[in-house]
Amino acid sequence: MQDEYRTVARAGVHETEINRSRFLCALAPAATEQEAQDFIAAVRKEHADATHNCWAYVIGADAAVQKASDDGEPGGTAGVPMLQMLLRRDMRYVVAVVTRYYGGVKLGAGGLIRAYGGTVGEALDAVGTITRRRFRLATVTVDHQRAGKLQNDLRATGRLVRDVRYGEAVTIEIGLPDADVDAFRAWLADATAGTAGFEPGGEAYGDA
């Protein structure tokens with residue numbers, strides 16, 4: 001698994017005008033290829049009267065799925081530059097659709113490549129990106145007396161508390177960088193006088 005990746009903070013649209021053509025770049029996070037395709041379909045429906053709705057998406061922390069479409073623009077002048085911009089900016093789990101309303105001035109192949117790639121880059125800056133880092137999931141089990149203080153201590157030391165469940169004991173699910181697991185075990189034993197249980201689990205990504 002990749003240690004970290006970047007994605008868009010939220011869905012958003014950025015518009016720019018180049019030689020009288022309007023370019024609207026719609027960006028959204030997409031956890032799966034189906035989510036990316038659904039977003040593309042929604043934008044195409046919204047802008048059914050546009051000259052082109054070109055798109056690109058990257059799914060997977062390791063960029064396992066990469067797809068792009070020129071939607072009628074000359075081959076390689078729209079979808080590929082959009083995809084290259086996403087990859088150059090280390091973007092993952094993201095979909096971009098650039099809608100073009102033709103303004104009467106031809107841009108030529110070089111102009112189109114700059115326009116489509118550049119519009120995606122501007123949109124990423126405008127919408128904002130976040131870094132998500134790989135974590136080791138772990139479960140801490142502690143008695144009710146110590147649970148409140150332990151939760152405060154976890155948050156005070158910047159630990160990622162993902163979930164808290166109350167039963168006979170209190171179960172706290174946390175996220176830890178892999179390198180911190182041994183140090184955390186020692187800290188936990190110290191903080192709870194050795195009474196807390198610790199169970200490492202699988203891996204997930206969380207906000208860095």
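This is a predicted model: local features need pLDDT of at least 70, side-chain atom pairs count only at pLDDT 80 or more; totals for chains, interfaces and linings use all residues.
1. Residues are numbered from 1 along each chain as its sequence is written, and side-chain values use heavy atoms, with hydrogens and water left out.

2. Ser-21 belongs to strand E3 (residues 21-29); helices (H or I, at least four residues) and strands (E, at least two) are DSSP runs, numbered from the N terminus. Setting aside neighbours within four places in sequence, Ser-21 touches Thr-16, Arg-100, Tyr-101, Tyr-102 and Gly-103, where contact means heavy atoms within 4.5 Å.

3. Now to helix H1 (residues 33-46), whose buried residues are Ala-36, Ile-40 and Val-43. Seen down the axis of H1, these fall within an arc of 65°, so they line one face of the helix; the arc is that of the directions from the helix axis to the C-beta atoms. They pack against E3, strand E4 (52-59) and strand E6 (94-101).

4. On the face of H1 turned away from the buried side, you will find the exposed residues Lys-45 and Glu-46.

5. Finally, the domain assignment, automatic or from a database, gives domain 1 (4-127) and domain 2 (132-207). Their C-alpha centres lie 40 Å apart.

How values were computed. The expected span of a helix is 1.5 Å times one less than its number of residues. Buried means under 20% relative accessible area, exposed over 50%, partly exposed in between (1.4 Å probe, protein chains only).
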